[in-house]
Amino acid sequence: MSRARRTFASFALALASLTLLAGMPQAAAVDPPKVRLFAATTRVTVERDRRNFAFVDPGVWVASVGGGFELRATRADYDSPVTLVQTDPTTGAILRTLPVELLRGWSGLKDFMHLSLRDAHGTLITRESFDFCPNTYYRARLDDEGPVNSAYPYICGGNPFTRGMVWGIDDHWAVNAMSDFGLGFNAPRRHYSLRVWVDPLWVEALGLEPHESEARVRIEVFDRGTIPARAERTLASPYAPGPRVPTTTTPDPEGLPDLVALPAWGISTYHRKGHDYLAFNSTEWNAGPGTLVVEGFREVDEDFMDAYQYFHVDGTPVGRAPVGQLEYHRSHTHWHFEEFTQYSILDANSGEIAISGKQSWCLANTDAIDLSVPNANWTAFFGGDLFSMCGGPGAIWIREVLDVGWGDTYGQFIPGQAFDITDLPNGGYYIRTEVNPTGLLFETTTANNIEDRLIELHGQPGDRGASVAPWHGIDTEGGCFYCSRG
């Protein structure tokens, strides 16, 4: 269908829908919120496999501009046509009517954007079109002026009996434009350029400016294991974060967590490449009354985010304080908070011998420790989602959370995290777990931040072992976690 015919059909359908829309509130004549396309990185590095195939999420985002962006597709009954309108997120008033032919059923916005990939000589490698659902799983705050949590569902699509769907991007939020797709391509060369742009029909329908409707990313391809450190260069988001939540050095005690160290458990030894290692699990938990919330917003050209602890009272952030940094780890392809816990091994006289190489964390609610304490969040398993907690190379925001009553368990099993005990003689040692080791995090008390676990090393080089006595009568090594002394 030609563009003129499509436009005529759109107006005809809009006129036919006037009766249906008459009962909905109408907004004042102001410019409705719209969206902006932008790239979180100017250059992305990616590894190719032995067949020269590479897969990449280019870190292209769609952000709300001028307020929350909300669309509603509805039909009054099963005999009525579907209508598409943009609505005010607060009042529900109609801001404008959009052509329903631009929908991909209940799944989102049809052919919303396109991409082209070219090599260093300008040769076209691929060109594709993408539908877009604003309710994607991968979403991020642009700064702390936006709402704490997104109001929109994680649903794109319906069934034959669906009568209405709401899609949206909260004010000062963004969603990943290609989170469900990414880009895979045959990559024998080193350098490629990616262009992503919003379809002209959507540009016209939403009133987008040229700079709001296009993003460009350079892609550099390396053989596996050869990506140089700090190879990425990042762009700022379209909104610069600012101190919307007041910074404080005296937070409300009701908003403070109580971080508690538990003893090392699941302790074992192994031999690899001429070295003996001591491996273990560790758990730290939050006894409340406040939730531990750490957030960071990405700045220009940085592999780090300044980290802030946010203090929530009755679900509302009432203050924040700087607490170090969030760092992007290329080996894990996600972001870690650097100030949470430290692990060390001590001799029988409590003299420190070594510190674990595990110095940063991607926090998550992995273990329910005490859901009977006040303010415990009973439904917080992996609270939120691991995308916002861990992120990726194209992340523009990280939020790490440890809810009241929950703990986060990590296994220290790989070399660099497990302790190298090759040169340690047999005998007694302590594995020390220390939460909040730098003291930067605000909490109600630090009296329970350290827990030592006594172990006994034995055996011969290449065949070492560790004996561990029960802790408060709990056998943490035999699988009977709830056994009593008697």
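**Close-up views of a predicted model**

**View A. Pairing of strand 4 with strand 12.** Strand 4 (residues 60-65) and strand 12 (residues 173-176) run antiparallel and are joined by 3 bridges, where strands are DSSP runs (E, at least two residues) numbered from the N terminus and two strands pair if DSSP finds at least two bridges between them. Within this pairing, Trp61 has Asn176 of strand 12 as its bridge partner. The model is predicted, so that local features need pLDDT of at least 70 and side-chain atom pairs count only at pLDDT 80 or more, while totals for chains, interfaces and linings use all residues. Residues are numbered from 1 along each chain as its sequence is written, and side-chain values use heavy atoms, with hydrogens and water left out.

**View C. Phe340 in its loop.** The loop between strand 23 (334-337) and strand 24 (341-347) holds Phe340, which counts as buried (under 20% relative accessible area, 1.4 Å probe, protein chains only) because its relative accessibility is 0%. From C-alpha to C-alpha, Phe340 lies 9.6 Å from Cys362, and the two are 22 residues apart in sequence.

**View D. The largest nonpolar core.** Among the 63 residues of this core, Leu37, Phe112, Phe185, Trp202, Ile219 and Ile396 touch the most other members; a nonpolar core is a set of buried Ala, Val, Leu, Ile, Met, Phe, Trp, Tyr and Cys residues joined through side-chain atoms within 4.5 Å. Another core, of 18 residues, lies apart from it and includes Leu292, Leu402, Val435 and Leu441.

Methods. Helices (H or I, at least four residues) and strands (E, at least two) are DSSP runs, numbered from the N terminus. Buried means under 20% relative accessible area, exposed over 50%, partly exposed in between (1.4 Å probe, protein chains only).
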